[in-house]
Amino acid sequence: MIKFITSANNLNSYPDSEKEVVFVGRSNVGKSSLINALYGEVAYVGKTPGKTKLLNFFNYDDIYTICDVPGYGYAKLSDRQIIEFGEMMEEYFTNRKAIKLCVVILDIRRVPNDDDLDMIEYLNYNHIDSLYVLNKADKLSNNQITNQVKLIGEKLNTDTKEFVICSCLSGKNIDNLKDLIKKKVYGI
Ligand SMILES: Nc1nc2c(ncn2[C@@H]2O[C@H](COP(=O)(O)OP(=O)(O)OP(=O)(O)O)[C@@H](O)[C@H]2O)c(=O)[nH]1
Ligand SMILES: [Mg+2]
């Protein structure tokens with residue numbers, strides 16, 4: 001069972017955790033949908049992008065906590081909001097000792113943009129273990145998937161074997177992803 005714990009915008013209101021998995025990605029890529037597909041309907045899925053504004057924490061069976069963060073690259077934010085968002089994320093990543101894994105969600109239909117690359121570079125620089133999920137695979141044919149995996153792999157300069165190709169809509173690879181996350185969190 002998954003349970004919502006709290007929303008927070010600064011480190012004083014983070015809940016206790018020893019192991020945490022954080023989901024990041026561009027606005028509207030399906031972070032909240034993926035949390036729901038993996039663990040049960042609990043995260044808010046917006047019809048319009050930019051709905052998740054705070055860090056949302058969940059507890060999964062006391063196995064680990066989950067953090068759903070606002071998406072980056074949402075065009076309709078003011079300069080002030082972009083700065084606040086950056087500060088909130090920086091504070092989270094630099095202080096949250098419990099982070100065991102960052103699930104980076106990408107839209108399989110799009111080549112990663114500068115926002116994605118900045119995020120990934122930041123995670124690598126800070127030695128945060130990451131897992132790349134290519135979501136919305138239901139939108140493409142198998143041939144298109146093969147092509148996109150190649151393009152995305154080239155752009156990220158990553159072994160494409162490390163990608164998890166999934167769909168929140170069809171359920172493709174959701175169970176595999178859940179197993180993989182657990183293994184990574186426990187280092188097995
Ligand atoms: N076809 C398809 N649609 C999806 C999939 N995953 C998410 N969506 C849709 O994409 C939209 C955005 O989903 P969210 O889960 O709210 O995305 P998010 O990344 O949490 O968005 P923000 O919180 O605004 O950053 C919704 O309309 C979802 O129904 C998928 O695998 N396939
Ligand atoms: Mg969301």
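Modeller: Let us begin with strand β2, both faces of which are covered: E20, V22 and V24 on one side are buried, as are V21, F23 and G25 on the other. A residue is buried if 20 or more other C-beta atoms lie within 10 Å of its own, exposed if 12 or fewer, and partly exposed in between, with C-beta atoms placed from the backbone. This is a predicted model, in which local features need pLDDT of at least 70 and side-chain atom pairs count only at pLDDT 80 or more, whereas totals for chains, interfaces and linings use all residues. Residues are numbered from 1 along each chain as its sequence is written, and chains are lettered from A and ligands numbered from 1 in the order in which they are written.

Colleague: Why is β2 described as largely enclosed by the rest of the structure?

Modeller: Six of the six residues of β2, residues 20–25, are buried, so the strand is largely enclosed. For the chain, 34% of the 188 residues count as buried.

Colleague: Which strands are joined to β2 by bridges?

Modeller: Two strands pair if DSSP finds at least two bridges between them. Strand β4 (residues 64–68) runs parallel to β2 and is joined to it by four bridges; there, V22 stands opposite C67. Six bridges join β2 to β5 (residues 99–107), again in parallel, and G25 has I105 as its bridge partner in β5.

Colleague: How many helices and strands does the chain have?

Modeller: Helices (H or I, at least four residues) and strands (E, at least two) are DSSP runs, numbered from the N terminus. The chain has five helices and seven strands, in the order β-β-α-β-β-α-β-α-β-α-β-α from the N terminus.

Colleague: Which residues have the most contacts inside the largest nonpolar core?

Modeller: A nonpolar core is a set of buried Ala, Val, Leu, Ile, Met, Phe, Trp, Tyr and Cys residues joined through C-beta atoms within 7 Å. The largest one has 39 residues, and V103, V104, L106 and V133 have the most contacts inside it. Elements that each supply at least two of its residues include β2, β4, α1 (31–39) and β6 (130–135). The largest share, seven residues, comes from β5.

Colleague: What is L106 in contact with, leaving aside its neighbours within four places in sequence?

Modeller: Two residues are in contact if their C-beta atoms, placed from the backbone, lie within 7 Å. On that basis the partners of L106 include G25, V29, Y132, V133 and I152. Among contacts in the chain between residues at least 6 apart in sequence, 73% join residues at least 24 apart.
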